[in-house]
Amino acid sequence: MKLLQIGKFYPPYHFGGIETLSKVLHEGLRERGTNNDFIGFLPKSYKIDVMVDDHIYLCKTDIDIFSTQFSVSFVRRWQIIKDIYDIVFISMPHPFVNLIINMFPPQKAKIVLWWHSDIVKQKILLMFYKPFLISLIKKSVAVVAPTNTHIDESDFSEYLILKKQLIPFPH
(Lines give C-alpha, C1' and ligand atoms only; values in the text may rest on other atoms or scores of the structure.)
Protein backbone atom coordinates (compact mmCIF):
# COMPACT_ATOMS: atom_id res chain seq x y z
CA MET A 1 0.00 0.00 0.00
CA LYS A 2 1.26 3.46 -0.90
CA LEU A 3 -0.16 6.56 0.81
CA LEU A 4 0.13 10.25 -0.09
CA GLN A 5 -0.56 12.87 2.55
CA ILE A 6 -1.43 16.36 1.27
CA GLY A 7 -1.12 19.25 3.69
CA LYS A 8 -0.43 22.94 3.71
CA PHE A 9 3.07 23.13 5.18
CA TYR A 10 5.65 20.91 6.85
CA PRO A 11 8.20 21.58 9.61
CA PRO A 12 10.79 23.12 9.70
CA TYR A 13 9.54 25.35 6.88
CA HIS A 14 6.44 26.32 8.85
CA PHE A 15 5.30 25.40 12.37
CA GLY A 16 1.79 24.97 13.71
CA GLY A 17 -0.59 22.34 15.00
CA ILE A 18 -1.59 20.94 11.61
CA GLU A 19 2.01 20.91 10.44
CA THR A 20 3.08 19.04 13.58
CA LEU A 21 0.30 16.52 13.07
CA SER A 22 1.36 16.03 9.43
CA LYS A 23 4.93 15.32 10.52
CA VAL A 24 3.88 12.96 13.34
CA LEU A 25 1.60 11.05 10.96
CA HIS A 26 4.23 10.88 8.20
CA GLU A 27 7.04 9.73 10.48
CA GLY A 28 4.82 7.36 12.47
CA LEU A 29 3.59 5.60 9.35
CA ARG A 30 7.13 5.29 7.99
CA GLU A 31 8.34 3.82 11.31
CA ARG A 32 5.58 1.20 11.02
CA GLY A 33 6.62 0.29 7.48
CA THR A 34 3.88 2.12 5.56
CA ASN A 35 5.15 3.56 2.31
CA ASN A 36 3.96 7.16 2.49
CA ASP A 37 4.87 10.49 1.00
CA PHE A 38 3.90 14.07 1.76
CA ILE A 39 3.21 16.93 -0.62
CA GLY A 40 2.54 20.45 0.53
CA PHE A 41 3.60 24.03 0.14
CA LEU A 42 6.35 26.40 1.15
CA PRO A 43 5.82 29.87 2.58
CA LYS A 44 5.83 32.55 -0.15
CA SER A 45 9.40 33.63 0.72
CA TYR A 46 10.81 30.40 -0.82
CA LYS A 47 11.55 30.68 -4.53
CA ILE A 48 12.07 27.01 -5.49
CA ASP A 49 10.53 23.65 -4.63
CA VAL A 50 12.17 21.57 -1.90
CA MET A 51 12.45 17.77 -1.79
CA VAL A 52 13.30 16.20 1.57
CA ASP A 53 14.48 12.58 1.82
CA ASP A 54 12.67 11.58 -1.43
CA HIS A 55 9.38 11.37 0.51
CA ILE A 56 8.48 14.99 1.27
CA TYR A 57 7.83 17.34 -1.64
CA LEU A 58 7.20 21.00 -0.84
CA CYS A 59 5.99 23.23 -3.67
CA LYS A 60 6.82 26.88 -4.19
CA THR A 61 3.80 29.07 -3.46
CA ASP A 62 3.04 31.41 -6.36
CA ILE A 63 0.13 33.19 -4.70
CA ASP A 64 -0.95 33.16 -1.05
CA ILE A 65 -4.36 34.73 -0.61
CA PHE A 66 -7.19 34.13 1.87
CA SER A 67 -4.96 31.63 3.78
CA THR A 68 -4.75 29.47 0.65
CA GLN A 69 -1.60 28.65 -1.27
CA PHE A 70 -1.74 28.49 -5.08
CA SER A 71 1.11 26.75 -6.87
CA VAL A 72 1.79 25.84 -10.50
CA SER A 73 4.44 23.36 -9.38
CA PHE A 74 1.86 21.60 -7.18
CA VAL A 75 -0.39 21.12 -10.21
CA ARG A 76 2.50 19.74 -12.27
CA ARG A 77 3.67 17.44 -9.49
CA TRP A 78 0.12 16.22 -8.76
CA GLN A 79 -0.42 15.29 -12.40
CA ILE A 80 2.77 13.20 -12.34
CA ILE A 81 2.18 11.38 -9.04
CA LYS A 82 -1.62 11.18 -8.57
CA ASP A 83 -2.01 7.68 -9.98
CA ILE A 84 0.77 5.90 -8.07
CA TYR A 85 -0.96 5.95 -4.68
CA ASP A 86 -3.60 3.71 -3.13
CA ILE A 87 -4.74 6.31 -0.59
CA VAL A 88 -4.65 10.11 -0.76
CA PHE A 89 -5.05 11.66 2.69
CA ILE A 90 -5.90 15.38 2.56
CA SER A 91 -5.80 17.90 5.42
CA MET A 92 -8.89 20.07 5.09
CA PRO A 93 -9.74 22.78 4.42
CA HIS A 94 -7.54 23.66 1.48
CA PRO A 95 -9.55 25.12 -1.40
CA PHE A 96 -6.74 25.08 -3.98
CA VAL A 97 -5.94 21.41 -3.40
CA ASN A 98 -9.65 20.64 -3.41
CA LEU A 99 -10.09 22.29 -6.82
CA ILE A 100 -7.06 20.56 -8.34
CA ILE A 101 -8.18 17.13 -7.13
CA ASN A 102 -11.67 17.74 -8.52
CA MET A 103 -10.13 18.77 -11.87
CA PHE A 104 -7.56 15.96 -11.97
CA PRO A 105 -8.84 13.12 -9.77
CA PRO A 106 -6.65 10.12 -9.00
CA GLN A 107 -7.58 7.03 -11.03
CA LYS A 108 -7.27 4.39 -8.32
CA ALA A 109 -6.60 6.08 -4.99
CA LYS A 110 -9.19 6.21 -2.25
CA ILE A 111 -9.57 9.74 -0.87
CA VAL A 112 -9.57 10.25 2.90
CA LEU A 113 -10.13 13.71 4.36
CA TRP A 114 -8.69 14.88 7.67
CA TRP A 115 -11.24 17.45 8.86
CA HIS A 116 -9.45 20.11 10.89
CA SER A 117 -12.03 22.87 10.60
CA ASP A 118 -14.70 24.48 8.51
CA ILE A 119 -13.78 27.63 6.64
CA VAL A 120 -14.59 30.30 9.19
CA LYS A 121 -13.35 33.71 8.02
CA GLN A 122 -13.92 33.76 4.24
CA LYS A 123 -17.72 33.32 4.17
CA ILE A 124 -18.22 35.10 0.83
CA LEU A 125 -15.58 32.97 -0.90
CA LEU A 126 -17.10 29.88 0.71
CA MET A 127 -20.26 30.48 -1.31
CA PHE A 128 -18.27 29.89 -4.53
CA TYR A 129 -16.12 27.10 -3.09
CA LYS A 130 -18.92 25.13 -1.40
CA PRO A 131 -19.93 22.99 -4.44
CA PHE A 132 -16.33 21.86 -4.93
CA LEU A 133 -16.00 21.03 -1.25
CA ILE A 134 -19.20 18.99 -1.23
CA SER A 135 -18.04 17.18 -4.36
CA LEU A 136 -14.75 16.19 -2.70
CA ILE A 137 -16.53 15.05 0.47
CA LYS A 138 -18.79 12.84 -1.66
CA LYS A 139 -15.75 11.36 -3.46
CA SER A 140 -14.04 10.51 -0.18
CA VAL A 141 -14.29 7.09 1.45
CA ALA A 142 -13.80 8.49 4.97
CA VAL A 143 -13.55 11.74 6.88
CA VAL A 144 -11.23 11.61 9.88
CA ALA A 145 -11.58 14.02 12.78
CA PRO A 146 -10.04 14.17 16.26
CA THR A 147 -13.39 14.74 18.01
CA ASN A 148 -17.10 14.30 17.31
CA THR A 149 -17.47 18.09 17.54
CA HIS A 150 -15.31 18.62 14.44
CA ILE A 151 -17.90 16.75 12.37
CA ASP A 152 -21.15 17.11 14.26
CA GLU A 153 -20.88 20.92 14.55
CA SER A 154 -19.63 21.43 10.98
CA ASP A 155 -21.73 23.33 8.46
CA PHE A 156 -21.20 20.25 6.28
CA SER A 157 -22.17 17.64 8.87
CA GLU A 158 -24.94 16.23 6.67
CA TYR A 159 -22.25 15.16 4.16
CA LEU A 160 -19.60 14.21 6.72
CA ILE A 161 -21.55 12.23 9.31
CA LEU A 162 -21.84 8.95 7.39
CA LYS A 163 -18.10 8.94 6.61
CA LYS A 164 -16.93 10.02 10.08
CA GLN A 165 -13.99 8.20 11.66
CA LEU A 166 -12.53 9.44 14.95
CA ILE A 167 -8.77 9.45 15.53
CA PRO A 168 -7.83 11.57 18.57
CA PHE A 169 -4.78 13.77 18.31
CA PRO A 170 -1.60 11.94 19.39
CA HIS A 171 -0.14 12.82 22.79
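α1 (17-31) supplies five residues to the lining of the second largest pocket, the largest share. The model is a predicted one: local features need pLDDT of at least 70 and side-chain atom pairs count only at pLDDT 80 or more, while totals for chains, interfaces and linings use all residues. Residues are numbered from 1 along each chain as its sequence is written, and side-chain values use heavy atoms, with hydrogens and water left out. Helices (H or I, at least four residues) and strands (E, at least two) are DSSP runs, numbered from the N terminus.

**Second largest pocket**

- About 280 Å³ of space lies in this pocket; a volume is the space filled by probe spheres set on grid points, which are joined across faces, edges and corners.
- A pocket is an open set of points on a 1 Å grid over the protein atoms alone, with protein on both sides within 12 Å along at least five of seven lines, and lining residues have an atom within 4 Å of a point.
- Of its 16 lining residues, Val24, Leu25, Leu29, Trp114 and Ile167 lie nearest the centre.
- The lining holds 14 nonpolar residues, one polar and one charged; Ala, Val, Leu, Ile, Met, Phe, Trp, Tyr, Cys and Pro count as nonpolar, Asp, Glu, Lys and Arg as charged, and the others, Gly among them, as polar.

**Largest pocket**

- The largest pocket has a volume of about 640 Å³.
- Its lining consists of 27 residues, and Phe66, Ser67, Thr68, Ile119 and Gln122 lie nearest its centre.
- α4 gives the largest share of this lining, five residues.
- The lining has 16 nonpolar, seven polar and four charged residues.

**Largest cavity**

- One cavity of 30 Å³ or more is counted; a cavity is a set of points where a 1.4 Å probe fits but cannot get out.
- The largest cavity holds about 40 Å³ of space.
- Its lining includes Leu25 and Trp114, two residues also among those nearest the centre of the second largest pocket.
- Here too α1 supplies the largest share, four residues.

**Helix α4**

- Helix α4 (residues 123-139) has 17 residues and reaches 23 Å from its first C-alpha to its last, close to the expected 24 Å, which is 1.5 Å times one less than the number of residues.
- α4 bends by about 55° at tyrosine 129, with proline 131 following within four residues; the bend is the angle between axes fitted to the seven residues ending there and the seven starting there.
- Leu126, Tyr129, Leu133, Ile134, Leu136 and Ile137 of α4 are buried (under 20% relative accessible area, 1.4 Å probe, protein chains only).

Definitions and conventions. Buried means under 20% relative accessible area, exposed over 50%, partly exposed in between (1.4 Å probe, protein chains only).
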